[in-house]
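Here's a quick briefing for anyone opening this structure for the first time. Have a look around, then come back for the notes below.

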Amino acid sequence: MHLHRDDEAKESNNIELLITLMDGSVDHEVARRVLRKFDGDVEKAASAMIEGDRGEDTQSSLWSSHSQMEINQPRPLPPPAVRPNSPINIDLTGDDDHNDELSRALKASLETASQEGPMFGPSKRPADANWAMVPSNQNNVPADDLDRAIQASFEQADTGDEYQPLPLDQQWRKEGWPVTLRPTKHTMVYAALVLHALFYVPQIRERVANWRPALPEGATEAEPPKNGPELLMWKLVETFTNMDLAKLVDLDAHEVLEGFKPEPWSNPAQPPGELSQRFFEKVAGALDKVFTHEFIRTGQAKQRIMQFQYGNSNFDDEPGELLQDASIVRVEALGRSETNDLIGRLSAQLSNDKDDVKRQVIFEPSEVIAFHLARSGTVTGERKPFKYPKHIYLDQFLKENVELAESKRVQQRDLHTEIQKLMLHNKSLTHFNDKDTLTDLRSSIYYYENVADAKGDDERARVTQIMTNKLKSILTQVEKEIEASDINIAKMRDQATTLLDCPELQRARYDLRSVLVHDGLYGRKHLYSYVQDKGMWWRIEDTSISQVSEEIVLGDSVGLHLGAGPYLLLYSRALPEGAELLDLQWPPPIKIDVENHNRVLLEQLQCSEAESHVNQEHVLTLPHEDRMESMDVLC
C-alpha cells in the first residue's frame with residue numbers, strides 16, 4: 001500500500017494517537033494494520049482494538065516456544081525475472097562509425113515496442129581479442145552451500161576473539177566472588193552464558209547438587225553414567241561443583257558444552273537470543289527428563305522444575321484438547337511504546353484474542369520460568385529500553401485465576417474506552433482540519449494585542465479589545481477543560497495499571513535471578529550477563545567480573561540503538577529468607593577432585609611466587625583471608 005507523503009504524515013500521526021489511546025499496549029505495525037482496515041478512521045480503529053482486533057485473523061500463542069511454533073527461517077530469494085526470448089538480437093558493441101547498426105537498433109526497438117521486448121544478448125559477431133574478458137563461474141552455487149561457506153569462514157577467521165587463558169597469578173578466585181564459565185570457541189559463548197546463568201538459579205543449583213545416578217544392581221557406589229541424559233546431567237554436576245567450590249576463577253566450558261551440542265553462533269546477523277532460546281529448551285528438556293526419572297525412582301512426588309504446562313482456558317469444557325509443556329516464553333520487546341515492559345507485553349499478547357476466543361493459560365507452573373526478549377519487528381521513532389521487574393507475579397496467567405483476571409481485564413478495557421473518549425475530546429478541542437487550534441488562538445491574541453493598529457479610531461480600538469478578551473476567554477476555557485481531562489486520564493491510567501495488583505493475584509511470586517545481554521555486535525566480548533549470588537548482583541563479561549547495583553541490572557540500555565539489549569531473563573519462585581545460603585551436598589567423588597585441583601593450583605601459585613622472589617621481578621601475594629582458606633583446603 002503506497003501513500004502520498006502528506007497521507008503518510010497523517011497516517012503516522014493517527015498511528016501515534018492510536019498507540020497513545022491504547023496506553024502503549026500495541027506496537028506500531030498492529031496499529032497500522034487496524035487503522036488501514038478501517039480506512040483511516042481513528043475512532044473506529046480504536047474501538048475495534050479495545051475489543052481485541054489486531055488487524056489479523058490468526059491467533060497468537062502467549063506461551064509459544066520453538067518446540068510448538070514455527071521458527072522464522074530466512075527464505076531464499078526468488079529467481080530473477082527472465083525476459084522472454086526475443087527474435088531480435090542487437091549488437092551495441094560495434095564501433096561508433098557503424099551508423100547503420102544504430103539505425104537498425106532504433107528501427108527494431110520501434111517495431112517491437114508492443115511485443116515481448118528486445119533481448120539484449122551477446123553479439124553474433126566474431127570475438128574481438130581486444131575486448132576479451134575472463135568468463136565468470138557458470139555453475140550456480142546453491143544457497144545452502146553459500147550459507148555454510150559463510151558460516152565456516154566466520155568460524156575459521158581470525159577475529160581476535162579467541163580463548164585466552166588467564167595468567168597464573170590472576171587465576172585465584174577472590175573470596176565470595178562468582179566464577180566465569182568460558183568456552184574455547186567464541187561461537188559457543190551464548191551457550192556457556194545460559195549454563196552459567198542456570199547455576200545462579202537456587203532451585204536448579206540445589207536440584208543438580210542433590211541428584212545422584214542410579215546404583216547398578218549389587219553396587220554400593222554410583223559410577224558416572226556412560227551415555228544419555230544422565231551423562232549430560234553428570235557433566236553439569238561436575239561443572240556446577242567447580243563453580244561452587246573451585247578456587248579457579250576461570251572455568252572452561254568446552255566439555256559440558258560438547259555434551260549438549262549447541263548450535264554455533266557463526267552468523268553475526270543472527271540474534272543470540274534465538275539460539276539461546278533453542279539451547280535453553282534443549283537443556284530444560286534434558287534436565288526435566290532426568291528429574292522426572294529420579295522422582296519415579298525415589299518415590300517422590302513429581303515437581304515441575306523447568307517446564308510448565310499450558311493450554312486453552314476452556315480445557316475443562318473441551319477435555320479433548322491437549323495440554324503442552326514449555327520452558328521459555330517468547331516476548332516481543334520492540335522498544336517503542338510506553339508500556340514496553342515484561343508484564344505489559346505479556347498482557348498485550350494475551351489480549352490479542354477476542355472475548356469469544358480461547359485464551360492460553362498456565363495449568364501447572366514450574367519452579368523456573370524464562371523469557372526470551374525478541375526484537376523481530378521494525379521500530380520507527382524513538383527506541384525505549386525494555387523494562388523488567390525484580391519480582392513478577394504469574395497469578396493472572398494461571399488457570400485457577402482465569403475468571404478473576406478476566407474480570408479485571410474487562411474493567412481495564414472499560415477504563416481504556418473512557419480514556420479514549422477523553423483523548424479524542426481533547427483532540428477535537430485542540431485540532432481542526434489537521435491544524436492546531438490552540439496555536440491559532442494564541443497567534444490571534446498576539447495579533448490583536450501587539451500588531452493590530454487602531455489608527456486613532458476609538459471604535460476600532462474598542463472592537464479590537466473586545467475581540468482580544470473573547471479570544472482569551474475561549475483559550476482559558478479550552479485549557480481548563482483539557483487540564484481537567486488530563487487529570488482524569490492520569491487517574492484512570494493509574495487505576496487500570498494497578499487493577500491486577502490485588503492480593504488475590506500476588507501469591508505466585510517469582511524473583512529475577514539472571515539477565516543475559518547483547519550489545520548488538522558480534523563476538524565473545526559482546527555478550528555478558530548479570531547474576532545474583534547471596535543477595536548481590538554481579539556483571540560477568542568474558543574474564544571480567546564486577547559487582548553492580550540492582551538499578552544497573554534493571555535499567556541496562558546497552559545495544560538500544562542497534563536493536564539489541566537484554567535478551568534472556570531467568571526467574572524462579574521466591575524463597576524464604578536465607579534459603580539460598582544453605583550448603584549444597586555435591587557428590588563426594590567430584591568434591592574430592594575439586595579439592596585436589598585447588599591444592600595443585602595453590603602449589604603452582606606458591607612456586608610462581610618463589611620464582612618471582614628469586615628473579616626479583618615481582619612479588620605475588622595472596623590475600624590473607626584467601627591464604628587462610630587455602631590452608632583449610634589443604635587440611
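Is β3 largely enclosed by the rest of the structure or left open, going by how many of its residues are buried? In this predicted model, 5 of the 5 residues of β3 are buried, so the strand is largely enclosed by the rest of the structure.

- Three strands make up an open sheet, running in the order β4-β3-β6 with antiparallel pairing.
- The edge places go to β4 (324-326) and β6 (360-364); each has a single partner strand, so one side of each has no neighbour in the sheet.
- On average, neighbouring strands here are turned by 45° against each other, if you ignore direction.

**Who pairs with whom**

- β3 covers residues 308-312 and pairs with β6 in the antiparallel sense over 4 bridges.
- Two of the residues to look for on that side are Asn 312, whose bridge partner in β6 is Gln 360, and Gln 309, whose partner in β6 is Glu 364.
- With β4, β3 also pairs in the antiparallel sense, this time over 3 bridges.
- Over on that side, Phe 308 has Ala 326 of β4 as its bridge partner.

**Helix α14**

- This helix takes in residues 458-498, and its 41 residues should span 60 Å at 1.5 Å a residue; the end C-alpha atoms are 60 Å apart, which agrees.

**The buried residues of α14**

- Going along the helix, the buried residues are Thr 464, Thr 468, Leu 471, Leu 475, Val 478, Ile 482, Ser 485, Ile 489, Met 492 and Ala 496.
- A handy bit of background for reading that list: an α-helix has 3.6 residues a turn, so residues three or four places apart point the same way.
- As for what they touch, the buried residues of α14 pack against α12 (402-430) and α13 (437-451).

Key:
Residues numbered from 1 in each chain as written. Predicted model: local features only at pLDDT ≥ 70, side-chain atom pairs only at ≥ 80, totals over all residues. Heavy atoms only, no water. Pairing = 2+ DSSP bridges. Axes fitted to C-alpha atoms, helices over the stretch in contact; angles between N-to-C directions. Expected span 1.5 Å × (residues − 1). Buried < 20%, exposed > 50% of the residue type's maximum accessible area, 1.4 Å probe, protein only. Contact = heavy atoms within 4.5 Å.
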